[in-house]
Every structure is written in structure tokens, then in C-alpha cells.
Amino acid sequence: MLFLSLLFGAACGPNGELESSSEVIAPGSPEASVEASPEELPSRSDALTTLPTPAGLRSVADWEKLFANKWNSEHTSSFLPMSTSLDSWQFYNLAYGIDGNTAMYRATGKTQYLDRALLYVNNVVNNAKVSSSLPKSQFKDSYLGWASARSDTLGQEVPLFESYCWRYVTRLLRVIRETPELYNNATYRAQYDKLLAFSEKNMFEKWFKRGANSYIYRVNTHMASHWAYIAMDLSLMTTDATRKANYLAVFNNINKDLPNYSSSLRQQMKTSPVLASAYFWSDKWGSTARPGQDVAHGNGVMAYIVEARDAKMEWTDADVRAFAATLNSVIWPSAGKYAEYVDGSGSGTGWFNDGLMKLGRYDTNLQKRLESHTVGNNTQFYGNGALNVRLLSEAAAK
């Protein structure tokens, strides 16, 4: 697949997130929609009202056409097989398919995109096994999960692979919860209830009880940010007051006061040494040393922060303006020139899909630059490009 060389290389380098120590169709899934391309499907009655596109920007419809050109090829060659693989390492990259389809649903209101994201998640959940039945599991408990088939984690249950994917599962569920037409629809509500219950017990509770300091409060900024994202989403959906308090405690600890490190995401953020309006941060807790966070994994931090800002939880307009300046002027100072680190040093790949490009939802000029960006042009890129312009259009219409 087009983007696999980027996915497995420096662009999102999951090797950098590992500590040195260590076709099924779900019931109720929309089978009829998954093979039709978007341009062949009629507009749905629940499609969003079209808003005027801010001057000079590509429209949602234009982003959707680009998305359509790769929608089915990526589905059949990569995302569908990943979702049925039983291999948690495959779920790492499946995250991009879930995110791209969720973003395109949010941009257009067309449920074929939501349905496809749900198909992937239902496949993953329906193939989960009891930990005690996994031959090489290091836990052997009663929670449900999956074994990794990656050579260096063969047979193990890996919190990174699961959390990297699950932040986009919980974001998908929040879309259903916050959209009355979906939440009040029996088919979507049944999937929502099932997947939320699974997420609360067999994702968050599982890793928290196995050891929060080891598996939730992770060794660096990007890995911890995945859990801040999941905890935030679950806090906005759960109906259990005790669980909600625990989710918010984890959310606040990662943002403000980690129990096992003398820092937090908020404390990591410093004024950039090269641009006063930008942020600099290190991925190492408590460090302020340059060059700081690598851009590839910085995407994970940004994927969380933009959603936290939009949920009005901890991160603010001033924060995302500083991050936008970091991308626009420090990381990406000119066309075709990309830094490897957030202090502007090194030579990077320009892969921004998983978080940094989402800053375009706040900045028309940045969104315009992204239209001509040629790195990582896949459905995640196009879906989030469409969502960016939709959100910019909504902001302009207020």
C-alpha cells in the first residue's frame, strides 16, 4: 500500500515508542455499504448541511473526491485485513483507517464512512480472546485482548499497540454519543453500548489494573498522550460515576502531575528557543534539552491536544495557536523542507497525518498549505483535510 513505507519507517516509527525493557463481519454491521465508492452512493438524509467554504480553500467535497480515489483500495488491501488479523501489531496501523473514516463522517455526515470505521472496530472486538487463553501472554488473566505477532513482542499483549488504536475507537464512539440521530438509532446505539462497555472494561480497566504506572502513565509524552485521549473520551461517555472520577484523575495526572515522573504534558511545554510564539517540548519527562520531541511521534501528542481543546478540557486556543506556529514556521519552514525535531533541527519526512495536520482546523493559512502538501496523501490525510475545512467553515458561519 502507498503509505506503508511511511507507516513502518521514521514517519510514525512505532519502534521509537517501545521501551527497551520490554473477513469477519460483525452482527449488525453495514455490509452493503462497504464496497461502494463514495461518489456512487446517494447523499444521505443525515448528511450535513453544506456551508460556504472559506475563501481560497479546497471544499469538503473536493477533499472527499480525493478520499474516494483511495477509499476502497486501502480498505481491501490494508484496513480490512488488519481488522481481522487477530494481531495487535496490525491494530497500530488500523488506527489510521478508523481515524480517516471517522473524520470524513464528521466532515460530511455520510454514514457509509462511519459504518466502515465501525466495521473495523467490530471485527477487532469480536476477535478478542481471554488473556488466559493466549499461549504467550505475560498476564494470563480474565480480560479480553489480543497477542502481537511482531517478532520482538511475539505472543505478548502490548499496551502501546492497543492504546494507539483505541484513542480513535473512543473518538468514534463519542461521535455517536454526541450525534442524536445516531445515538437514538437502534442499530448504532446497540454497537455503541457494546463497544463502550468493551472499552471501559477490556481496554482502560485492564491496563489500569495491570499496573497504571507501567501501562497508563507511560515513559514519554506521546505514549502517555494516547491514554489521556482515551481517558478524556471515556469521561465524556461513561454513565458510572466511579469510573468517570477515575478517568478524570488519569486525564488530570497526565496533563498536570504524573504520579511516577516529576513532570506532566503541561509542564513539558516551553517557549520555543527559535520562535517566541511557538512551543518546544521534550518527549522525555522533566527534560528541556534540545532537540526535544521528534516530529513523527509529536503527531501523537497533537492528535490528543486538538481534541482536548475542542472538548474544552485543559488545552486552549492559546495552546493550539502556539502549536500551529510550531508546525507552520519551525517544523515546516518552507515547501519541501521538514524538521525532524520540534526545535526545527534535523531532516524529517513531513509526515503530519496523525496529529499535526489537524491544527489546520484552527488556521486558514495552515490549511491552505496542507492542500499542496504531498507527503502521506492517503485516506487519513484526506479525511482530516475535509474535517479541517468543515470546522473552519463552521467557525466562519458563527
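User: Does Glu314 count as buried, exposed or partly exposed, and what is its relative accessible area?

Analyst: This is a predicted model, in which local features need pLDDT of at least 70 and side-chain atom pairs count only at pLDDT 80 or more, while totals for chains, interfaces and linings use all residues. Residues are numbered from 1 along each chain as its sequence is written, and side-chain values use heavy atoms, with hydrogens and water left out. Buried means under 20% relative accessible area, exposed over 50%, and partly exposed in between, with a 1.4 Å probe and protein chains only. Glu314 falls in the middle class and is therefore partly exposed, its relative accessible area being 22%.

User: Where does Glu314 lie, and what is its phi?

Analyst: Helices here are DSSP runs of H or I with at least four residues, strands are runs of E with at least two, and both are numbered from the N terminus. On that numbering Glu314 lies in the loop between α11 and α12. Most residues other than glycine have a negative phi. Glu314 is not a glycine, yet its phi is positive, at about 75°.

User: Which loop holds Lys140, and what is its phi?

Analyst: Lys140 lies in the loop between β1 (129-130) and β2 (144-145), and it counts as partly exposed at 39% relative accessibility. Although Lys140 is not a glycine, its phi is positive, at about 55°.

User: Which two residues does a cis peptide bond join?

Analyst: Most peptide bonds are trans. In this model a cis bond, with omega of about 10°, involves Pro291, a residue found in the loop between β4 (279-280) and α11. The two residues joined by that bond are Arg290 and Pro291.

User: How many helices and strands does the protein have, and what percentage of its residues count as buried?

Analyst: The secondary structure comes to 14 helices and four strands. The accessible surface, from the Shrake-Rupley method with a 1.4 Å probe and with only the protein chains shown counted as cover for residues, is about 14800 Å², of which 51% belongs to carbon and sulfur atoms. Of the 398 residues, the share that counts as buried is 60%.

User: In the largest nonpolar core, which residues touch the most other members?

Analyst: A nonpolar core is a set of buried Ala, Val, Leu, Ile, Met, Phe, Trp, Tyr and Cys residues joined through side-chain atoms within 4.5 Å. In soluble globular proteins, nonpolar side chains tend to be buried together. The largest such core has 109 residues, and those that touch the most other members are Trp166 and Tyr304.

User: Is Ala228 buried or exposed, and what is its relative accessible area?

Analyst: Ala228 is found in helix α8 (residues 221-235), and its C-alpha atom is separated by 7.4 Å from that of Tyr304, 76 residues apart along the chain. Leaving aside neighbours within four places in sequence, Ala228 is in contact (heavy atoms within 4.5 Å) with Phe251, Ile254 and Tyr304. Ala228 is buried, with a relative accessible area of 0%.

User: Which element gives the most to the lining of the largest pocket?

Analyst: On a 1 Å grid over the protein atoms alone, a pocket is an open set of points with protein on both sides within 12 Å along at least five of seven lines, a cavity is a set where a 1.4 Å probe fits but cannot get out, and lining residues have an atom within 4 Å of a point. With six residues, the element that gives the most is α14.

User: How much space lies in the largest cavity, and which element gives the largest share of its lining?

Analyst: About 60 Å³ of space lies in the largest cavity, and two or more lining residues come from each of α3 (88-108), α5 (159-177) and α14. By class, the lining has four nonpolar (Ala, Val, Leu, Ile, Met, Phe, Trp, Tyr, Cys and Pro), six charged (Asp, Glu, Lys and Arg) and two polar residues (the others, Gly among them). The largest share, four residues, comes from α3.

Key: Points joined across faces, edges and corners; volume = space filled by probe spheres on them.
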